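User: Please take a close look at the charged side chains of this model. I would like one connected account of where they sit and how they pair.

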Amino acid sequence: MTDEILPAIAGEILAGEAALSVAGKDWGNLIHTRPGLVVRPASVTDVAGVLRFAAARGLPVAARGAGHSPYGQGQVEGGILLDMTSLPPHRVVTGDLVSVDAGARWREVLEATLPHGLAPPVLTDYLELTVAGTLVVGGIGGATHHHGTQTDGVVELEVVTGAGEVLTCSRESDEDLFDAVLGGLGQCGVITRATLRLAPAPARARRWKLYYDSLSAFLADQRAVVRDGRFDYVEGQLIPVGDGWRYMLEAVAYYSPPAGPDEAALLDSLGFGASEDEDTVYFDFLNRMADGEAALRAEGSWFHPHPWLNVFLTDDTVERFVAETLAATGEPELGATGLVLLYPVRNDRLKTPLFTVPPGEISWLFSPLRVGSPRDPLHNARLLQLNVDLYRKARELGGKVYPSNALPMSTEDWRAHFGGAWPKLADAKARYAPGNLLNPGQCLRVP
């Protein structure tokens, strides 16, 4: 296989033990599937050559960015793994748009756009994810209640289809491919370049951490601030305290001096108890997880298994669902460095056809971000079963998944998840990537 590919590409082909071992792991550290080869493409031409080669021989291919998948979604058994971070850097700002290579980290996108006074309107909490890595699942963050997902800010894509054809798609050209790639789990093609819409970037961020002892009051205030849009960024965290839980609303206002946020107006009518606030440079707020990452790496748990779950709940079921889940969740179910997130998004801001949430005005992202044990596979299996149980319960109550989870999903699960959007995704997959060879770790197959 190596000899056949080698003349066709200018990038690196790696078949050594070290490269294959790294490629067989991801952030979740739960699935370990080794490819036959790792290819580090030097151009879109390389990507197309590899995909044509693979399609002709029935070889599976997975595209990998930062490797932050929780459950083997970017791995491939015996096939070819494309390391998309090797593409040459391409970050060009033109007006209110930026064109970037698929392997760019969101931090690198900001480093290109902020000197122009611009930034993507929605960013994930962790900036070391790659652009393509989030665009194939959606890309959600604390500004989603204003601007939708990161996929909603995409203007144009360069995509290599599963057959090795290089296409540029948008709302005006090859719209069916455009819609099938954004939020489409990498099933129809490999993104090699994206053009994103930008918004004016503020200079600073004022962040309030508002603490609640009542889940009902916490939920009510989150609904209020998301509906009236008073804050630029809203997320929530559930914090274990003794035998119970405390609830923290993280609310942020962006500004540029000499004007500043009106704290009295922003906090008016909210029913929190204690509060903290801090004021930072805008980029420092966006990149706030860097220090935490360094600490977790030094302490070691960064490298532990991460059986994470992200589900969207309906507004009328969220309180009971969360209360029942928290009552059954302690350190054994979460891990010493685990987190639980809970925050609402406005459904009318979500425009990407394949980004699927429950019906209603508001959906709630509920995320038990568990940390497992590197030495206890049985414990990790139990945490995965908890995810399965929560997913089934949420689905019975009208919930959906955010499609980046440590959760075994079958084709039938995906069919139910996408609902009315499934036929278009299935048709696009059959047209652009026949043979079910692209990103098989998603376990999404069509005839």
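**Charged side chains**

Analyst: In this predicted model, Asp262, Glu263, Glu276 and Asp277 form a surface patch of negative charge. Of these, aspartate 277 belongs to strand β15 (residues 275-281).

Elsewhere, charges are paired. The whole structure holds 28 salt bridges. One of them joins aspartate 125 to arginine 288, with 3.1 Å between the closest N and O atoms. Aspartate 125 sits in the loop between β7 (118-119) and α5 (131-135) and arginine 288 in the loop between α10 (282-286) and α11 (289-299), so this contact ties together parts 163 residues apart in sequence. Aspartate 125 is buried, at 19% relative accessible area, while arginine 288 is partly exposed at 21%. Both residues belong to a salt-bridge network that also includes Arg207, Glu250 and Glu278.

A second pair is arginine 227 with glutamate 361, whose closest N and O atoms are also 3.1 Å apart. Here helix α8 (residues 215-228) is linked to the loop between β17 (339-346) and β18 (362-369), across 134 residues. Arginine 227 is partly exposed at 39% relative accessibility, as is glutamate 361 at 46%.

Glutamate 324 and lysine 393 form another salt bridge, with the closest N and O atoms 2.5 Å apart. This pair links helix α12 to helix α14 (residues 377-396), 69 residues apart. Glutamate 324 is partly exposed at 34%, and lysine 393 at 26%.

Helix α12 (residues 318-327) buries Val318, Phe321, Val322, Thr325 and Leu326. Viewed down the axis of α12, these fall within an arc of 125°, so they line one face of the helix. Arg320 and Ala327 are exposed on the face turned away from that buried side.

Key: Residues numbered from 1 in each chain as written. Predicted model: local features only at pLDDT ≥ 70, side-chain atom pairs only at ≥ 80, totals over all residues. Heavy atoms only, no water. Patch = residues over 30% accessible without salt bridge, like charges linked within 9 Å, V, L, I, M, F, W, Y side chains within 5 Å. Areas by Shrake-Rupley, 256 points an atom, 1.4 Å probe, with all protein chains shown as cover. Salt bridge = Lys/Arg side-chain N within 4 Å of Asp/Glu carboxyl O. Lys, Arg positive; Asp, Glu negative; His and termini not counted. Charge placed at Lys NZ, Arg CZ, Asp CG, Glu CD. Helix = DSSP H or I, 4+ residues; strand = E, 2+ residues; numbered from the N terminus. Buried < 20%, exposed > 50% of the residue type's maximum accessible area, 1.4 Å probe, protein only. Arc of directions from axis to C-beta.
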